[in-house]
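This report is a guided first reading of a structure made of several chains. Please look through the sequence and the model before going on.

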Amino acid sequence: MRARWAWTITVIILVGIMFSYTQDELRTTSVLSFSLRYAIPLIIAAMVGLVCERSGVINIGIEGQLLMSAFAGFFGAAATGSLIIGTLFGIGTGLIMGAVFATGAVAWKMDQIISGTIINIIATGLTSFFYAQGQVLPASTPVVAIPYLKDLPLVGPVLFNNGLFTYAAIIIVIFLQIMLFLTIWGLRTRAVGENPSAADTSGINVQRTRFINVTLAGGLAGVAGAYLSLEAAGTFERGFTAGRGFTALAIMIFGAWNPVGAFAAALFFGLTQGVASQLQADEVVDIPPQFINMLPYVLTIVLLAVVAGRVRPPAAVGKPYEKD
Amino acid sequence: MSSDGPAQTDLGFTDPNPTLGPKYGVVKAFAIPIVSVLLAFAVGGILIYFQGVNPFTAYRVLFESALGDSDGYLRVMQKSTPLIFTGLAVVVGLRVGLFNIGAQGQLIVAAIGAAWAGYHFDLPAVVHLPFALGFGMLCGAAWASIAGVLRAYRNVSEVITTIMLNSIAIALVDYLASRPFKEPDQPLSRTPLISDSAALATFGVIPSGFVIALIVSLFFGWFLIRTTEGFRFNTVGLNPNAARYAGISVKRTIVLAMAVSGALAGMGGAVETMGVVGRFEPAFNAGLGFDGITIALLARANPIATIPAAILVGILRTGANSLQFETGIEPEVVDVILALTLLFVAAPIVSRYIFRINAKRKSKSKGRS
Amino acid sequence: MHRKLLVAGLAVAALVLAGCSSSDDTATDTTSAEATTEAAEETTEEAAEEEVTEESAPAVTMDDSNCAAPENYCVGLVTDLGKVDDKSFNQAAFEGAQLAAGEIGAFLKYVESTDPKDYMANIGQFVAKEYDTIVTVGFLMAEASAAAAAENPNINFVGVDQFQGETLPNLTGLIFAEDQAGYAAGYLAGLMTETNKVGAVLGTDTVPPVLYFGEGYRNGVMAANPEAEVTVVYHEPANAFTDPEWGAAEAKKQVTQGADIVFGAGGGTGNGALIEIAKSPESGKSVFCIGVDIDQYNTVPQAQSCLLTSAEKKLVAGTSALVLASFDGTFPGGNFVGATGLAPYHDTEDAVPAEVKTEVEGVIAGLLDGSLETGVVK
């Protein structure tokens with residue numbers, strides 16, 4: 001039911017893209033590139049929420065994790081003069097933030113919402129407090145065009161002429177889709193998220209699985225943060241994640257807790273942004289940008305209200321696991 | 001656990017009725033927040049020390065500027081007022097087992113609503129004041145009710161919906177202030193000033209909004225503990241299944257509690273507009289809603305305890321700029337201190353060290369961790 | 001056990017960070033050198049060392065313990081929610097204050113507001129210490145500045161970006177014709193473009209100076225090159241100045257669509273656009289960017305390769321001139337229109353043909369003497 005609905009919309013959008021491509025090649029590819037670019041940090045951040053929730057932990061601290069790793073990535077790269085070390089700094093900070101969150105939300109069985117809130121507030125405070133001006137990245141991240149594929153019409157310039165993080169994001173999505181649904185790890189993770197008691201009975205260490213998954217998800221937040229400061233913006237500003245960690249939650253839900261679904265949702269919201277700013281730039285219609293920006297959130301609430309029951313989070317989300 | 005009731009959250013205050021609790025509860029209610037605040041100050045002091053400033057000087061400056069003169073008192077009260085309301089909003093939600101992290105959104109929606117009611121109408125003060133205040137509360141309640149209804153009837157997590165509603169609220173008030181409600185003939189995205197008849201007065205150094213906040217929190221101290229409805233709130237929060245068994249309508253209670261919570265946050269926004277700012281203007285929302293979470297937890301979900309908790313946060317926020325003025329420490333250090341406070345209040349480490357015996361019992365019952 | 005290690009690790013990380021950022025901080029004095037080190041203009045360097053040197057200056061005021069004494073001169077600065085290290089607007093005003101303070105041996109201190117309710121109180125801190133001149137930065141503070149000036153006739157107030165409707169003798173609004181700077185930048189872009197397409201990525205149009213920059217730019221391009229196509233996008237008001245990723249993505253989109261010059265104006269958001277353009281392999285050869293507010297060659301070094309110029313509000317000069325005027329007793333009151341113009345070409349000096357330079361200079365002169373209108377409705 002829902003799947004058919006989603007497919008219909010996807011097909012309509014694709015047809016629309018093809019049509020606009022025949023009308024104006026350059027505008028279409030540039031708007032699509034914008035959409036992909038807008039989607040990349042959101043999609044990686046959505047994977048953070050997805051891995052956590054599939055394990056039964058709701059993570060509203062993604063925003064803070066992104067901010068901290070973007071900060072560490074940028075200043076790490078600036079201080080060491082190496083983008084690679086900067087990236088590692090970002091991912092490492094993400095892992096630390098993930099472990100801190102897991103310590104509170106899993107090991108200490110603190111309320112998961114409070115743990116996430118703490119991460120957000122601490123990240124905002126620390127990154128503003130320690131922000132220092134005048135740091136510059138040693139280089140800009142390389143753009144890697146994939147031979148042959150890049151020459152394809154439409155998809156070539158959009159998909160196959162990007163920075164490394166963009167490819168990484170696509171690989172992460174496919175990897176997680178496979179991992180979650182085709183491997184033992186995925187089975188265990190989903191079991192822990194859906195029915196921890198049963199998982200425990202069958203010999204899965206619920207607490208350990210959750211701790212590890214939430215920590216590793218923090219590493220993904222590190223990738224997204226490093227992407228933001230090192231590749232996408234090339235700089236760091238106070239509070240510059242601008243709510244992307246929360247949008248990522250919307251995207252995760254919109255994608256029905258499914259990596260590929262979330263990817264599609266992120267692209268869809270990217271497309272609305274790209275089209276809206278293009279309409280503004282071309283002075284066609286001036287849609288108040290606020291309406292475009294609230295779209296992901298409004299649609300997510302509508303979706304949750306309408307298809308509640310059919311789209312639902314993993315059953316054990318939000319509840320610390322207590323052995324009976 | 002039933003999936004159609006609110007998730008049970010262990011926030012460390014499982015005792016719903018602090019006045020009836022054993023001595024342990026009373027000590028815990030005071031000791032943990034105090035120790036947490038002190039610990040946060042200690043860690044904050046280390047940060048300050050590494051910026052090359054004596055932490056004791058820094059804290060002295062911070063408190064002196066907030067509590068040194070009548071102007072300081074006025075500002076602390078002004079800053080604490082919306083915080084008491086957002087703290088209460090979170091507290092009411094917690095009592096029913098709901099996490100209202102949307103106080104921020106409810107507050108700004110109510111703030112612009114009260115501003116509109118305040119400038120758009122010309123009424124005598126006796127009517128205008130309650131009307132503008134009530135309209136703001138209504139906006140906040142309506143905004144929160146979206147989450148309440150979805151929670152009660154569609155079992156959608158109120159955490160997710162209130163996060164979404166926060167973002168929508170920011171965009172919405174942004175739009176309203178920059179287009180339909182914009183003050184004409186000037187460039188800023190702000191509403192016109194409210195009429196004098198809708199302005200809350202300040203008596204000497206005491207803003208009337210602060211007095212309202214005190215009365216409201218005392219009222220909720222009574223309401224949650226002494227009334228039937230309050231009993232329903234607590235029962236639903238503690239065990240929705242038992243509540244249902246006892247004939248309490250869980251759905252109705254959830255919707256009502258969320259609306260009350262939103263109305264409280266909304267009152268914070270309305271009082272801020274009517275008593276301090278006088279209009280809705282850019283940067284109206286300086287994180288007031290999120291401080292509410294810290295305050296509610298610091299108050300351990302006790303409505304009356306939100307008063308000292310909010311005043312503490314108000315003092316820190318008031319003193320932050322003087323800290324920069326006197327020592328050069330960036331005002332964001334206050335955010336770090338507040339985050340650490342929240343961490344220590346919520347984390348079991350503090351309570352474990354304070355109540356070793358109890359902690360031992362507790363950790364045993366919870367299995368290895 | 002592992003938990004303790006984690007906490008310890010985090011603490012160590014925090015301390016390392018603390019060490020990094022405090023090492024170059026002159027902790028006892030808020031005129032921190034840190035804020036300006038990379039803006040390595042000679043003038044600002046002088047200003048940063050204001051307390052140490054200055055041969056011509058009178059006795060250097062070391063602190064604000066006795067600002068009331070005639071031999072001590074104190075200058076205070078308050079921002080409206082901005083930071084003095086924002087690489088553009090606030091930083092420029094602060095540097096101007098530093099420059100003036102250095103010249104007259106004054107003591108300078110700043111406070112960054114975090115809440116609109118604090119404007120009066122933050123100004124009040126300087127008033128209480130009897131500062132001689134107080135600079136308030138940003139149009140959000142206009143009302144607070146006017147109120148404080150009315151209450152304290154003995155203190156001179158400089159209101160940066162604050163237009164004065166009713167004038168007070170001790171309050172001077174430092175305002176700029178942003179539309180003229182934008183127009184000049186647009187004119188240059190219109191002459192320079194090879195593709196006849198130019199773009200602009202801006203902060204929100206709800207902030208007047210940004211709007212005037214953007215619309216002036218649009219009109220400038222059209223005046224120079226009626227065949228050119230101008231693409232102007234504004235960020236939504238929320239996070240308008242702190243979203244470099246959006247700025248970068250929009251800039252990229254405009255370049256992909258054929259624009260070869262992009263004007264980035266809007267704090268961090270605009271800086272993101274500049275940095276993105278500089279990443280292009282054609283940066284400085286056939287693709288250029290234009291900065292805003294101050295010479296961003298100094299504040300956004302990543303963008304040096306593409307930076308054609310910056311549409312400058314001479315904030316440094318304007319602020320320092322007014323602080324000096326206050327010191328000299330020639331404080332004008334009312335409105336003071338600061339100079340606008342274009343920053344030096346720096347690395348793109350050779351890329352701009354001499355006749356283009358001459359023509360743009362002519363346009364700037366025309367705007368200054370009033371013979372040329374930007375057509376922007378204020």
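The buried residues of H4(C) are Tyr119(C), Ala121(C), Asn122(C), Ile123(C), Gly124(C), Gln125(C) and Phe126(C), where a residue is buried if 20 or more other C-beta atoms, placed from the backbone, lie within 10 Å of its own, exposed if 12 or fewer do, and partly exposed in between. Helices (H or I, at least four residues) and strands (E, at least two) are DSSP runs, numbered from the N terminus. Because seven of the ten residues of H4(C), which spans residues 119-128, are buried, this helix is largely enclosed by the rest of the structure.

Just after H4(C), Glu130(C) has a positive phi of about 55°.

## How the model is described

The model is predicted, and local features need pLDDT of at least 70, side-chain atom pairs count only at pLDDT 80 or more, and totals for chains, interfaces and linings use all residues. Residues are numbered from 1 along each chain as its sequence is written, while chains are lettered from A and ligands numbered from 1 in the order in which they are written.

## Chain B and its two partners

The secondary structure of chain B comes to 15 helices and two strands, and 61% of its 369 residues count as buried. Among the contacts in chain B with a separation of 6 or more, 79% join residues 24 or more positions apart; two residues are in contact if their C-beta atoms, placed from the backbone, lie within 7 Å.

Where chain B meets chain A, the contact takes 42 residues from chain B and 41 residues from chain A. Helix H5 (125-154), helix H6 (158-178), helix H11 (288-298) and helix H13 (333-346) of chain B each supply at least two residues of that side of chain B, and the largest share, eleven residues, comes from H6(B). By class, this side of chain B has 27 nonpolar, seven polar and eight charged residues, with Ala, Val, Leu, Ile, Met, Phe, Trp, Tyr, Cys and Pro counted as nonpolar, Asp, Glu, Lys and Arg as charged, and the others, Gly among them, as polar.

Towards chain C, 25 residues of chain B are in contact with 28 residues of chain C. On the side of chain B that touches chain C, H12(B) gives the most, with five residues, and the classes are 13 nonpolar, nine polar and three charged residues.

## A helix pair and the nonpolar core

The contact of H2(A) with H12(A) is made by residues including Phe34(A), Ile43(A) and Leu50(A) of H2(A) and Ala262(A), Phe263(A) and Ala266(A) of H12(A). The residues of this contact divide into 17 nonpolar, five polar and one charged.

Which residues touch the most other members of the largest nonpolar core? They are Ile43(A), Ala184(C) and Cys289(C), in a core of 294 residues, a nonpolar core being a set of buried Ala, Val, Leu, Ile, Met, Phe, Trp, Tyr and Cys residues joined through C-beta atoms within 7 Å. The largest share of this core, 17 residues, comes from H2(A). Leaving aside neighbours within four places in sequence, Ile43(A) is in contact with Ala169(A), Val173(A), Ala262(A), Phe263(A) and Ala266(A).
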